Amino acid sequence: MISAYILITMHPGKSDKAIKEMRQLDNVAKISIIAGEYDIVVRAQVKNLEELLDVTDKIQMIEGVSKTTTQIIEKEISLQ
Amino acid sequence: MVIRKKYLFYTLAITSSFIAAAVTGVDSFVGGQPAFKTDPWSFAFSLFFVGSIITLLISLILSIKIHGKSLGAKILDPSFKNLRMVQKSELKSHIIAGVMNAINTVGYCSIVSTVQDPSVILSFSQIVILYLLLMESITEKDVPTLVEVQSSVIVTFGAILASISLTGAFQLFPILIVFLVVNPTWAVFSIYQRKLKIMRINNRPNDSINIRFWNIIFSCLFTALLIFFFDLFTSGSHLLAGVTASIDPYYFMLLALTMGTTFFAYVLYIRSLGMGKASVNNAIRASTIIFAIPFSIIMLQLGLITEFSTDPVMLIIKVIGMVLIVMGIISFALTLVKAYIFIDVKTGRPLKETMQKLWNIRGVSHVTITSGKHDFIVKVSTRTLMKGYERIIRKLDEIEEIKKYHWESVLKDWEKI
């Protein structure tokens with residue numbers, strides 16, 4: 001299983017509709033709206049890189065998405 | 001479907017409290033039966049004994065596959081696959097939780113058997129929330145904030161007021177049992193149930209149905225042992241009385257009803273323990289006292305119980321207690337700040353060492369090493385931004401491997417559960 005963060009920059013005023021669409025996507029484990037350099041962080045969980053490309057593609061197709069940066073998780077420590 | 005985790009957490013915890021309130025009503029009826037009224041020890045054993053059987057049956061039914069997915073996964077816990085043997089990695093936690101549950105039950109029984117009206121004494125068991133805050137500050141590397149302490153104190157005192165009775169009397173020994181036996185054992189029990197829930201078994205999140213099943217098995221075993229030794233030293237026959245009552249068809253049916261309902265309350269409670277701290281869970285669980293009141297009124301109307309105070313002074317005290325519980329829970333719910341920290345590090349330093357330094361910072365809940373623009377993405381939770389600065393940013397500044405970082409507060413989030 002591959003996990004990745006997809007950091008998204010949005011065009012102003014399009015976030016609400018874009019998030020509704022992102023919530024329907026398969027392989028999306030978590031979505032956070034954040035304040036700062038990025039607007040949305042999506043955590044994707046996929047079986048292989050092909051599926052990750054598929055998720056990234058679908059996100060880039062959503063209206064209002066200006067730019068995505070994908071960060072593949074190599075190692076993780078977490079409380080939960 | 002990706003939903004807001006916060007909503008699910010509170011829904012699970014409050015639904016669990018609602019079911020637990022229904023169980024409390026049934027418990028008081030079952031506990032009032034001739035076989036148990038004068039012998040709370042046999043009542044405790046019978047509950048666990050019949051509970052083990054009924055939990056096994058429910059768990060087996062929930063293991064039935066429908067369209068490739070178990071019934072339990074569809075209706076209770078998506079992590080549940082089927083009933084399985086306890087794994088080596090979870091054995092220690094199950095033993096500790098089982099021993100604590102058994103000692104807790106024995107402590108509770110000793111109070112019920114020695115005090116005529118135990119409600120005054122048992123209301124102090126709500127202080128367990130404060131025990132949990134203290135223990136979590138050690139085990140979960142998260143020192144409670146002023147807001148958490150205030151909310152916990154509000155809920156605790158609210159719960160005491162809402163559950164207190166003016167008809168009982170203060171006695172030192174039973175109060176000592178509450179403070180030294182009942183509360184610490186419940187706190188350790190909750191923490192180990194949470195540890196079990198956040199474990200990964202066979203590369204998937206541990207499920208609350210197996211946790212509940214194995215907990216009741218271990219609790220039954222250790223309770224039987226404790227009552228056996230108690231009988232041995234006091235020449236009593238509580239264990240035998242418990243077994244006899246358990247196999248009586250009428251009592252079996254009543255016990256099966258109460259423990260069958262308890263199963264669902266616990267499964268939801270364990271699920272919510274996997275999402276939030278044990279202290280916050282127990283604070284929300286204090287709402288059981290509020291839900292118990294309508295159930296008590298219904299049972300009074302049905303003639304199943306005979307005692308429920310309608311004294312105006314008592315009712316005012318209880319209402320004040322309930323308002324405090326609700327305020328405390330809302331305060332918990334509204335005061336949590338989460339953030340991502342994106343970190344770039346200097347080259348020539350091992351990433352694993354930096355990862356450990358980041359993980360050691362209080363309030364850090366996730367550390368990930370990532371390939372791409374940033375070297376680390378760290379997730380933090382804090383009750384206030386000031387605490388975020390003092391406990392997290394200052395510590396980041398001390399890590400010399402870090403070249404630059406930026407903090408981005410989470411405004412709203414959703415999670416697939």
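User: Is K338(B) buried, partly exposed or exposed?
Analyst: K338(B) is partly exposed, because its relative accessible area is 22%. Keep in mind that this is a predicted model.

User: Which residue does K338(B) form a salt bridge with?
Analyst: The partner is D413(B). The closest N and O atoms are 3.1 Å apart.

User: Which residues make up the salt-bridge network here?
Analyst: K338(B), K379(B) and D413(B) are linked in one.

User: Let's switch to the two chains. How many salt bridges cross the interface of chain B and chain A?
Analyst: The rule finds one. The side chains of K373(B) and E37(A) meet there, 2.7 Å from N to O.

User: How exposed are K373(B) and E37(A)?
Analyst: K373(B) is partly exposed, with a relative accessible area of 43%. E37(A) counts as partly exposed too, at 40% relative accessibility.

User: How much area is buried between chain B and chain A?
Analyst: About 3300 Å². Carbon and sulfur atoms give 54% of that area. On the chain B side, Y340(B), E408(B) and W414(B) supply 19% of the area buried against chain A, more than any other three residues.

User: How many residues does each chain bring to the contact?
Analyst: Chain B brings 37 residues and chain A brings 31. There are also 18 residue pairs in polar contact across the interface.

User: Which element gives the largest share of the chain B side?
Analyst: That's β9(B), with eleven residues. By class, the chain B side has 16 nonpolar, eleven polar and ten charged residues.

User: What about salt bridges over all chains, how many?
Analyst: The count comes to eleven. One of them pairs K14(A) with E63(A), at 3.1 Å from N to O. K14(A) is in the loop between β1 (2–10) and α1 (15–23) of chain A. E63(A) is in the loop between α2 (49–61) and β4 (65–78) of chain A, so the pair ties together parts that are 49 residues apart in sequence.

User: New topic: S272(B). Where is S272(B) placed?
Analyst: S272(B) is in helix α12 (residues 249–273) of chain B. S272(B) counts as buried, because its relative accessibility is 0%.

User: Which residues is S272(B) in contact with, leaving aside neighbours within four places in sequence?
Analyst: F9(B), L12(B), A13(B) and N281(B).

User: Last one. How many helices and strands does chain B have?
Analyst: Chain B has 17 helices and nine strands. Of its 417 residues, 55% are buried. Chain B exposes about 18800 Å², and carbon and sulfur atoms supply 68% of it.

Notes. Residues numbered from 1 in each chain as written. Chains lettered and ligands numbered in written order. Predicted model: local features only at pLDDT ≥ 70, side-chain atom pairs only at ≥ 80, totals over all residues. Heavy atoms only, no water. Helix = DSSP H or I, 4+ residues; strand = E, 2+ residues; numbered from the N terminus. Buried < 20%, exposed > 50% of the residue type's maximum accessible area, 1.4 Å probe, protein only. Areas by Shrake-Rupley, 256 points an atom, 1.4 Å probe, with all protein chains shown as cover. Contact = heavy atoms within 4.5 Å. Buried area = accessible area lost by both parts, 1.4 Å probe. Salt bridge = Lys/Arg side-chain N within 4 Å of Asp/Glu carboxyl O. Polar contact = N/O pair within 3.5 Å; in protein donor to acceptor, adjacent residues only side chain to side chain. Nonpolar A, V, L, I, M, F, W, Y, C, P; charged D, E, K, R; others polar.
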